[in-house]
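User: Please take a close look at one residue in this model. I would like to know how it sits within the chain as a whole.

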Amino acid sequence: MNWEKGGRAAEIRGLSDAVVLNNGVRMPWFGLGVFQANEGEEVKKAVLTAIKAGYRSIDTAAAYDNEQGVGEAVRLSGVAREELFITTKLANPDQGYDSAMRAFEASCRKLRMDYIDLYLIHWPVAGKYRESWRAMEKLYEEGRIRAIGVSNFQIHHLRHLMEGSAVVPAVNQVELHPRLSQRELRQFCSEHGIRVEAWSPLMKGQLLDDQTLLRLAAKYGKTPSQIILRWDVQSGIVTIPKSVKEARIRENADIFDFELTDEDMTAIDNLNQNYRIGPDPDNFDF
């Protein structure tokens, strides 16, 4: 369930807990990202490990070139498809109405799935993302996608998209971590019923020696990574840390047996520097 108090998701008790999106679909708060996981055995092993550990949300993308392995792992897991939440994304070269329709079918074939839980526009490609969205709205209306959303959209992208759209995005997946907390974007999304999801929540390990996080890790008997991920879910942010290592996949999910105090949440909030490690959504060329 989705419990929110004072803008924070105060009681998220396990990997099975889910937020209710703006169309009523339930999406797990916590999942596995598979960016840079190699197609084949590496991604299959990571997804199987995660599902065995209790994860129910898996996030891939056409651009990651590992959809086939994700689909194979899902089938091998023994967990019913309807118990899992699978996200994939429309690649930039495939944006546009007709090409988006074809790309969706290609993703379904690779995953060997007849529907996708969440389908995202991967980046706001100028002049194309509104046509891509129109195709996604049609697929959503046909029941091929349970929820549609975007990734790496700034406020002005969202405004432009929604001006001519029938469906408000359910999710905006963006780079988000304690040094890039995206406060204004999160506020805008909250006002419009769009759920924010964090990619690179651990900032590629660059925060693990931060003194504030080390202090809090010692206080709670957790790792700095676990402190960050707990901050995510208590802030009402869906999060998908990536790893292909069994120990790390299990460690990342071990965040449901403690709760950060309001004071400690604020201390992490104050680490923000508006600092990106990934591409700027207003200035990318891929």
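**A residue and its surroundings**

In the protein chain, 57% of the 286 residues count as buried, meaning under 20% relative accessible area, with exposed set at over 50% and partly exposed in between (1.4 Å probe, protein chains only). The model is predicted, so local features need pLDDT of at least 70 and side-chain atom pairs count only at pLDDT 80 or more, while totals for chains, interfaces and linings use all residues. Numbering runs from 1 along each chain as its sequence is written, and side-chain values use heavy atoms, leaving out hydrogens and water.

The chain has 10 helices and 10 strands; these are DSSP runs numbered from the N terminus, helices being H or I with at least four residues and strands E with at least two. Met 113 sits in the loop that joins helix H3 (97-111) to strand E6 (116-121). Because its relative accessibility is 9%, Met 113 counts as buried.

Leaving aside residues up to four places away in sequence, Met 113 touches Gly 71, Val 74, Arg 81, Ile 86 and Cys 108, where a contact means heavy atoms within 4.5 Å. Across the protein chain, 74% of the contacts with a separation of 6 or more are between residues 24 or more positions apart.
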